[in-house]
Amino acid sequence: MRFTAWLVLFATLLLWSGNWIVARAARDEIGPALATVGRLILVLMILAPFTWNGLTAKFKLLEKRGWMILAALGLAGGGPHLALQWLGLHYTTATSGILYLSVTPIFILLLAAPLGERIRLAQWAGVLISFGAIRST
């Protein structure tokens, strides 16, 4: 794998785990709604210059059903997740929050199987490696 790919993976891990620590530290100063909206606006400001042309071209291809699905995913996805994360960090430590987040891959695979997803051995191996890293820390 190229160095750039490793750098992107490392940056993703650093930003994601750092997110929980910052959220825990600022939980009393900023409410869940403001934190969620602020993060989403910040992400839009950072990504829009890189994605605007491609997104506008794809938006033109969406029909009404596509817009409905996109809206449902937006309302049920990142926003509530971020707000509940922020709210939950009022009641636990950042370490507990990160450990809770670390079991997410296990639940993804367990919930994907009943939906007809064929879980490959490599996916379980990845989950085991990830979970093993948690145990060793």
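Helices here are DSSP runs of H or I with at least four residues, strands are DSSP runs of E with at least two, and both are numbered from the N terminus. You are looking at a predicted model, where local features need pLDDT of at least 70, side-chain atom pairs count only at pLDDT 80 or more, and totals for chains, interfaces and linings use all residues. Residues are numbered from 1 along each chain as its sequence is written, and side-chain values use heavy atoms, with hydrogens and water left out.

**Start with the whole chain.**

**Next, select helix α2.** This helix covers residues 32-59, and I46 sits in it. I46 is partly exposed, because its relative accessibility is 49% and that class runs between buried (under 20%) and exposed (over 50%), using a 1.4 Å probe and protein chains only.

**Now select F59 and W67.** What kind of aromatic pair do F59 and W67 form? The pair is tilted, with 5.0 Å centre to centre and 40 degrees between the planes. Rings of Phe, Tyr and Trp (its six-membered ring) pair if their centres lie within 6.5 Å; planes under 30 degrees apart count as stacked, over 60 as edge-to-face and the rest as tilted. A search of the whole structure finds one aromatic pair. Colour both residues by accessibility: F59 is partly exposed at 34%, and W67 is partly exposed at 39%.

**Finally, zoom out again.** Of the 137 residues in the protein chain, 17% are buried.
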